[in-house]
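Subject: A structure for you to look through

Dear colleague,

I am passing on a structure that I would like you to look at with the notes below beside it.

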Amino acid sequence: MQIEFQFYLFCFTTLALGLKHRLLALLCAVTIFRTLTTSSDFHTSNDFFPFFIAGMSVAALVRGRTREGIIGITVAFSVELYHLYFNVKQPSVAIEIYRSLLLWSGTAAVYLAARYDHVLLRSLRALAIPLAFIGVISYPLYLLHQDIGNMVLQWAHIGRDDKSALLVRAVVLPGFLAAMAWLVYALVERPAIKPLTALLANPLAWFRQWQPSAAESRYQPAAPSGDVARQEPVR
């Protein structure tokens, strides 16, 4: 979560400053700077940023920003090779060649899927609804599965080596977590998409819409009061 928070905070700050069209370039520059100025023996989150950059670069390519996308992918792959060559340390997964292969092949697969989605939809029409469902719950499920899943297993007293509870671990718990992820999407994520998009697109305009207009602020009708003496009409 710390890694995602760093990335989202960087994106929010960049968008709030009105630098939306420079987001990918700034992310590449910051990642290169952090990579070159951090010791290879120091545990860091730098090595995850090539994945963020690669994803954003694919989006740029699909939207026709070819030069920006190619530069972004070049930066992502180069930083990954730097981490691999200098054996950079990081806390969760060892940086080995299979991780780099995953980045390269995954980037190619996402690009092909996004670029030729119309072909895939025709050939996989029967799977469109299940794939769409997986797509909308994938990120909430990613956020919930570890903590909520471990809480449920501890509550049910199910250990990692408990073979008798294989059905719970393989079917019941994944189904429960998928249902929770869908609720998060339906009740939180989907209603928040448009307001958050408007906020990030133009923060000042978004805040102004909640402020009363100048005419409304000047117009303050006096409340009737029984203590005010009744005025006699002038004759």
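What follows is an account of what was found, from the whole chain down to single residues.

Please keep in mind that this is a predicted model, in which local features need pLDDT of at least 70 and side-chain atom pairs count only at pLDDT 80 or more, while totals for chains, interfaces and linings use all residues. Residues are numbered from 1 along each chain as its sequence is written, and side-chain values use heavy atoms, with hydrogens and water left out.

The chain as a whole

The chain has ten helices and zero strands, where helices (H or I, at least four residues) and strands (E, at least two) are DSSP runs numbered from the N terminus. Read from the N terminus on, the order of the elements is α-α-α-α-α-α-α-α-α-α. Of the 235 residues of the chain, 24% count as buried, a word that stands for under 20% relative accessible area, with exposed meaning over 50% and partly exposed in between (1.4 Å probe, protein chains only). Taking the contacts (heavy atoms within 4.5 Å) between residues at least 6 apart in sequence, 63% join residues at least 24 apart.

Two packed helices are described by the angle between their axes and the distance between the axes. The axes used here are lines fitted to C-alpha atoms, for helices over the stretch in contact, and the angles run from 0 to 180 degrees between N-to-C directions.

Helix H2 (residues 23–36) packs with helix H3 (residues 49–62) at an angle of about 155°, and their axes are 10 Å apart. H2 and H3 are therefore roughly antiparallel to each other, given that angles over 145 degrees count as roughly antiparallel, under 35 as roughly parallel, 65 to 115 as roughly perpendicular and the rest as oblique. On the H2 side the contact is made by Leu23, Leu24, Leu27, Cys28, Thr31 and Arg34, and on the H3 side by Phe49, Phe52, Ile53, Met56, Ser57 and Ala60. By class, this contact of H2 with H3 has nine nonpolar, two polar and one charged residues; Ala, Val, Leu, Ile, Met, Phe, Trp, Tyr, Cys and Pro count as nonpolar, Asp, Glu, Lys and Arg as charged, and the others, Gly among them, as polar.

The axes of H3 and H4 come within 8 Å and cross at roughly 160°, and H3 and H4 are therefore roughly antiparallel to each other. Their crossing is left-handed. Among the residues that meet here are Ala60 and Leu61 in H3 and Glu68, Gly69 and Ile73 in H4, and the residues of the contact of H3 with H4 divide into eleven nonpolar, four polar and two charged.

With helix H5 (residues 97–115), the axis of H3 comes within 10 Å and crosses at roughly 20°, so H3 and H5 are roughly parallel to each other. The crossing of H3 and H5 is right-handed. The contact includes Leu61 and Val62 of H3 and Tyr111 and Ala114 of H5, and its residues divide into ten nonpolar, one polar and two charged.

Some single residues

Leu61, found in helix H3, touches Thr66, Gly69, Ile70, Ile73 and Tyr111, not counting residues up to four places away in sequence. Leu61 and Ala114 are 53 residues apart in sequence and 9.7 Å apart in space, C-alpha to C-alpha.

Glu68 has its place in helix H4 (residues 66–85) and is partly exposed, with a relative accessible area of 23%. Leaving aside its neighbours within four places in sequence, Glu68 is in contact with His21, Leu24 and Ala60. The side chain of Glu68 also makes a polar contact with the side chain of Arg65 (2.6 Å); a polar contact is a pair of N or O atoms within 3.5 Å, and within protein one must be able to donate a hydrogen and the other to accept it, while residues adjacent in sequence count only if both atoms are side-chain atoms.

Thr14 lies in helix H1 (residues 2–16) and is buried, with a relative accessible area of 5%.

Methods
Left-handed = near helix turned anticlockwise from the far one by under 90°.
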